[in-house]
Amino acid sequence: MKGKTHAGIGAFTFISICHKVPGGFNYFGLLVVILASLIPDIDHPKSIINRYILPFKNKKTKVVVYICLAIIVLYFDYLYVDAPALKALGISLVFVALSSHRNGLTHSLLGLVVFTMIFGYLGETYNIPNMTYYFMIGYGMHLACDMMTRMGIPLFYPFIKKKYSFPLTYNPSSKGGSGFEDFLMIAGIAYTIYRLPTIF
Ligand SMILES: [Zn+2]
């Protein structure tokens with residue numbers, strides 16, 4: 001699934017359930033949801049976030065950059081902070097560096113828990129309420145959407161390496177698949193316009 005489709009679906013989901021989320025609708029929440037929708041694909045060197053992080057969009061650069069980031073985070077934690085969330089972030093970055101797309105931590109339930117904990121820690125440190133809710137909506141929807149694709153995701157990584165998908169799937173690299181993603185985006189935009197009067 002394309003990054004913009006993940007971002008769109010995260011945003012539409014937040015808009016459709018924001019009245020049930022503590023704190024209701026707010027732009028910062030929407031931004032966190034969109035960012036969280038893009039994070040699982042940091043295991044792919046050409047994904048949206050990596051376009052900003054990596055100087056060269058290939059696997060070797062991804063390994064080097066993420067290992068360096070891991071060292072910086074772990075060293076910073078060792079010197080100044082000593083927080084479990086930062087240790088978890090440093091170790092997760094090593095996993096991101098070493099796993100290939102959709103084969104590891106970021107596309108698993110464990111990844112959802114670990115990254116939610118990291119963002120929850122950031123929310124607590126900087127006094128941002130409801131951070132974990134926003135994050136789980138975006139990240140959770142990304143995993144659910146990837147389970148609609150034929151390839152599936154390693155939901156129970158690292159315990160079970162098998163990839164899981166829903167009974168009905170589509171092929172995102174086919175013409176029909178990309179048409180289906182466009183349809184989802186148009187439906188989401190139409191729904192957002194319909195819901196706008198009730199949000200504000
Ligand atoms: Zn993905």
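Biologist: In which hand does α5 pass α6, left or right?
Modeller: In this predicted model, the axes of α5 (residues 84-98) and α6 (residues 109-125) come within 9 Å and cross at roughly 135°. That makes α5 oblique to α6. The crossing of the two helices is left-handed.

Biologist: How do the residues of the contact of α5 with α6 divide into nonpolar, polar and charged?
Modeller: From α5 come Ala85, Ala88, Leu89 and Ser92, and they meet Val114, Phe115, Met117, Ile118 and Tyr121 in α6. The contact of α5 with α6 divides into eight nonpolar, one polar and no charged.

Biologist: Are α4 and α5 roughly parallel or roughly antiparallel to each other?
Modeller: The axes of α4 and α5 lie 8 Å apart, and the helices pack at an angle of about 170°. Angles over 145 degrees count as roughly antiparallel. α4 and α5 are therefore roughly antiparallel.

Biologist: How many charged residues does the contact of α4 with α5 have?
Modeller: The α4 side includes Lys62, Tyr66 and Asp77, and the α5 side includes Lys87, Leu93 and Val96. By class, this contact of α4 with α5 has 15 nonpolar residues and one polar, and the number of charged residues is three.

Biologist: Which residues is Tyr134 in contact with, leaving aside its neighbours within four places in sequence?
Modeller: Leaving aside neighbours within four places in sequence, the contacts of Tyr134 are Gly29, Val32, Val33 and Ala36.

Biologist: Is Ile42 buried or exposed?
Modeller: Ile42 is placed in the loop between α2 and α3 (48-53). Not counting residues up to four places away in sequence, Ile42 touches Ser47, Ile49, Asn50, Val96 and Thr106. A residue needs 20 or more other C-beta atoms within 10 Å to count as buried. Because Ile42 has 22 C-beta neighbours inside 10 Å, Ile42 counts as buried.

Biologist: How far apart in space are Ile42 and Ile53, C-alpha to C-alpha?
Modeller: In sequence, Ile42 and Ile53 are 11 residues apart. In space, the C-alpha to C-alpha distance between Ile42 and Ile53 is 9.6 Å.

Methods:
Residues numbered from 1 in each chain as written. Predicted model: local features only at pLDDT ≥ 70, side-chain atom pairs only at ≥ 80, totals over all residues. Axes fitted to C-alpha atoms, helices over the stretch in contact; angles between N-to-C directions. Helix = DSSP H or I, 4+ residues; strand = E, 2+ residues; numbered from the N terminus. Parallel < 35°, antiparallel > 145°, perpendicular 65-115°, else oblique. Left-handed = near helix turned anticlockwise from the far one by under 90°. Contact = placed C-beta atoms within 7 Å. Nonpolar A, V, L, I, M, F, W, Y, C, P; charged D, E, K, R; others polar. Buried ≥ 20, exposed ≤ 12 C-beta atoms within 10 Å, placed from the backbone.
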